[in-house]
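Here is a short walk through the structure shown below.

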Amino acid sequence: MVFQLTDEIAFPDPRYGESDGLLAVGGDLSIDRLILAYSNGIFPWYAFKEGTIQWWCPMKRFVIFPEEVHISHSMRTLINKGEYDLSVNQAFHDVIRTCGELRMDMEGAWLGKEMTEAYTRMHEQKFAASIEVWKEERLVGGLYGVTLGRCFFGESMFSLVPSASKLALIYLAQIFHETGGILIDCQFETPHLKSMGGRYISYEEYMDYLRKD
């Protein structure tokens with residue numbers, strides 16, 4: 001069942017959503033609604049060209065545990081070369097803007113003005129963060145997502161040079177693990193994320209991690 005949201009900051013039980021994970025449509029992208037959504041494993045997909053905010057909550061969750069991130073031999077070689085610098089929250093606006101621009105012509109593109117402004121507000125309130133990859137002084141890759149408690153909810157990533165987004169994800173996993181992070185939510189499976197150590201867990205197990213202090 002797909003629910004129609006109202007102005008009330010509330011969501012239906014995700015277990016009543018569609019089998020593909022679509023739970024609801026409508027509502028808004030306020031910080032309060034976004035925090036409530038992510039706290040329950042729900043995330044927005046705003047197909048802005050269609051003017052509809054969709055809310056998703058798959059019952060099978062594709063995640064990466066930070067300590068399990070897979071670093072291939074080729075990635076270790078690339079890291080050891082030291083050709084790239086990495087940073088945290090040094091260029092959030094540039095990361096989210098680039099993620100959006102690179103996907104603007106895709107079917108179902110979601111990073112339009114409203115989503116960009118919503119996650120920028122989240123970042124300003126320290127509920128969203130970015131990882132940047134630099135070649136000299138040029139931003140060549142990165143990712144951003146929501147941070148709540150000990151979990152990171154990945155939203156989007158990009159690479160302007162080979163493997164830059166992989167470097168960003170490895171760096172995220174390493175620093176997140178070092179600071180007590182326990183789960184990186186990947187939202188949907190991709191070959192790229194699976195090769196990095198992504199795997200499925202149940203929604204019940206997923207919520208157990210979200211509730212950990």
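Ser-165 is buried in this predicted model, with a relative accessible area of 9%. That value falls under the 20% limit, which is why Ser-165 counts as buried. You will find Ser-165 in helix 5, which covers residues 164-178. Which residues does Ser-165 touch once its neighbours within four places in sequence are left aside? Ser-165 is then in contact with Met-157, Phe-158, Ser-159 and His-192.

Now zoom out to the whole chain. The domain assignment gives domain 1 (3-59) and domain 2 (62-211). Taken over C-alpha atoms, the centres of domain 1 and domain 2 are separated by 21 Å. Domain 1 puts 21 residues into the contact, and domain 2 puts in 29 residues.

About 2200 Å² of area is buried between domain 1 and domain 2, and carbon and sulfur atoms give 69% of that area. On the polar side, five residue pairs are in polar contact between domain 1 and domain 2, both residues being at pLDDT 80 or more. Helix 1 (31-39) and strand 3 (43-47) each supply at least two residues of the side of domain 1 that touches domain 2. The rule also finds one salt bridge across the interface of domain 1 and domain 2.

**The nonpolar cores**

The largest nonpolar core has 46 residues. The residues with the most contacts inside this core are Trp-55, Tyr-119, Leu-183 and Tyr-206, so these are handy ones to highlight in your viewer. Helix 7 (residues 203-210) contributes the largest share of this core, namely five residues. Where does this core lie relative to domain 1 and domain 2? Both domain 1 (3-59) and domain 2 (62-211) give residues to this core, so the core lies between them. There is also a second, separate core of 27 residues, which includes Ile-71, Met-75, Phe-152 and Ala-168.

**Salt bridges**

Side chains of opposite charge can pair when their charged atoms come close. A search of the whole structure finds nine salt bridges, and the table shows some of them.

| Salt bridge | N to O distance |
|---|---|
| Asp-13 and Arg-15 | 3.2 Å |
| Glu-204 and Arg-15 | 3.7 Å |
| Asp-185 and Arg-61 | 3.2 Å |
| Glu-68 and Arg-199 | 3.0 Å |

Let's begin with the pair Asp-185 and Arg-61, whose side chains meet in a salt bridge. Asp-185 lies in strand 10 (residues 183-185) and Arg-61 in strand 5 (residues 60-64), so this pair ties together parts that are 124 residues apart in sequence. Both Asp-185 and Arg-61 are buried.

Glu-68 and Arg-199 also form a salt bridge. Glu-68 sits in the loop between strand 5 and helix 2 (73-81), while Arg-199 belongs to strand 11 (residues 199-202), and the two are 131 residues apart. Are Glu-68 and Arg-199 buried or partly exposed? Glu-68 is partly exposed, with a relative accessible area of 33%, and Arg-199 is partly exposed too, at 36%.

Finally, look at Arg-15. Salt bridges that share partners join Asp-13, Arg-15 and Glu-204 into one network. Arg-15 counts as partly exposed at 45% relative accessibility, and Asp-13 is partly exposed with a relative accessible area of 30%.

Key
Residues numbered from 1 in each chain as written. Predicted model: local features only at pLDDT ≥ 70, side-chain atom pairs only at ≥ 80, totals over all residues. Heavy atoms only, no water. Core = buried A, V, L, I, M, F, W, Y, C linked by side-chain atoms within 4.5 Å. Buried < 20%, exposed > 50% of the residue type's maximum accessible area, 1.4 Å probe, protein only. Helix = DSSP H or I, 4+ residues; strand = E, 2+ residues; numbered from the N terminus. Domains from an automatic or database assignment. Contact = heavy atoms within 4.5 Å. Buried area = accessible area lost by both parts, 1.4 Å probe. Salt bridge = Lys/Arg side-chain N within 4 Å of Asp/Glu carboxyl O. Polar contact = N/O pair within 3.5 Å; in protein donor to acceptor, adjacent residues only side chain to side chain.
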